[in-house]
Amino acid sequence: MLLPLSQCGWSADVIKASTSDGQHFLILERIDYTALSGKTISLEPGDGSDGASDPRLLWDLIPPFGWYWPEAYLHDKLYRATQEPKDECDSLFLEAMLRRAHSLKDRIEANGLYMAVHLFGRDAFNADRRVA
């Protein structure tokens, strides 16, 4: 059963995080994402992220900390600290981005980011699971 859209999404509009190098961030206050399936994923104080892990060559088009940064944080958490299968992690990433997307450009970027992690994220997924 899927939840009504009004019951899905982020528990707050802003992620509060800190960084010492401008590239790696740590959550300061808990924030939750509730998926359409009803599953809730919590970003806890101390959870880390490096934003969207796209190649530096693409940063002019898709910077690591664009409008989709909270969803990139969510995706990092799913890869690193859950037992969700890779396809589920990637699907939740897309779902969360599409919930936030405000324009056609955002939707195109969301689908591009999803395809990138879905097609090329296996090594990162495996590495994150070995560390966890």
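# Notebook: Ala110 and other sites

I began at Ala110, which, leaving aside neighbours within four places in sequence, is in contact with Trp67, Leu94, Met97 and Leu98; contact means heavy atoms within 4.5 Å. The model is a predicted one, so noted: local features need pLDDT of at least 70, side-chain atom pairs count only at pLDDT 80 or more, and totals for chains, interfaces and linings use all residues. Residues are numbered from 1 along each chain as its sequence is written, and side-chain values use heavy atoms, with hydrogens and water left out.

**Ala110, continued.** I placed Ala110 in helix H3, residues 104-120. Helices (H or I, at least four residues) and strands (E, at least two) are DSSP runs, numbered from the N terminus. Is Ala110 buried or exposed? Ala110 has a relative accessible area of 0% and is therefore buried. The classes are buried under 20% relative accessible area, exposed over 50%, and partly exposed in between, with a 1.4 Å probe and protein chains only. I also looked up Leu26, which is 84 residues from Ala110 in sequence and 23 Å from Ala110 in space, C-alpha to C-alpha.

**Whole chain.** I listed four helices and six strands. Along the sequence they follow the pattern β-β-β-β-β-β-α-α-α-α. I then looked up the radius of gyration, taken over C-alpha atoms; the globule rule is 2.2 Å times the number of residues to the power 0.38. For 132 residues a compact globule would have a value near 14 Å, and the chain agrees because its own is 14 Å. The C-alpha atoms fill a box of roughly 40 × 35 × 25 Å along the principal axes. Of the 132 residues, 42% are buried. Among contacts with a separation of 6 or more, 56% are between residues 24 or more positions apart.

**Surface and charge.** I noted an accessible surface of about 7,600 Å² for the chain, with 58% of that belonging to carbon and sulfur atoms. The areas come from the Shrake-Rupley method with a 1.4 Å probe, and for residues only the protein chains shown count as cover. The chain has 14 positive and 20 negative charges, and their mean positions are 2 Å apart. Lys and Arg count as positive and Asp and Glu as negative, while His and the chain ends are not counted. The place of a charge is NZ of Lys, CZ of Arg, CG of Asp or CD of Glu.

**Thr82.** I found Thr82 in the loop between helix H1 (69-81) and helix H2 (86-100). Thr82 counts as buried because its relative accessibility is 16%.

**Thr34.** I placed Thr34 in strand S4, residues 31-34. At 16% relative accessibility, Thr34 is buried. The side chains of Thr34 and Thr40 are joined by a polar contact of 3.2 Å. A polar contact is a pair of N or O atoms within 3.5 Å; within protein, one must be able to donate a hydrogen and the other to accept it, and residues adjacent in sequence count only if both atoms are side-chain atoms.

**Leu28.** I found Leu28 in the loop between strand S3 (25-27) and S4. Leu28 is partly exposed, at 49% relative accessibility. Which residues does Leu28 touch, not counting those up to four places away in sequence? They are Lys16, Ala17, Ser18 and Pro45. I also looked up Asp47, which is 19 residues from Leu28 along the chain, with 8.4 Å between the C-alpha atoms.

I looked at two residues here. Arg122 is partly exposed, with a relative accessible area of 43%. Ala127 is partly exposed too, with a value of 29%. Between Arg122 and Leu43 I noted 79 residues in sequence and 22 Å in space, C-alpha to C-alpha. Ala127 and Asp13 are 114 residues apart along the chain, and their C-alpha atoms are separated by 30 Å.
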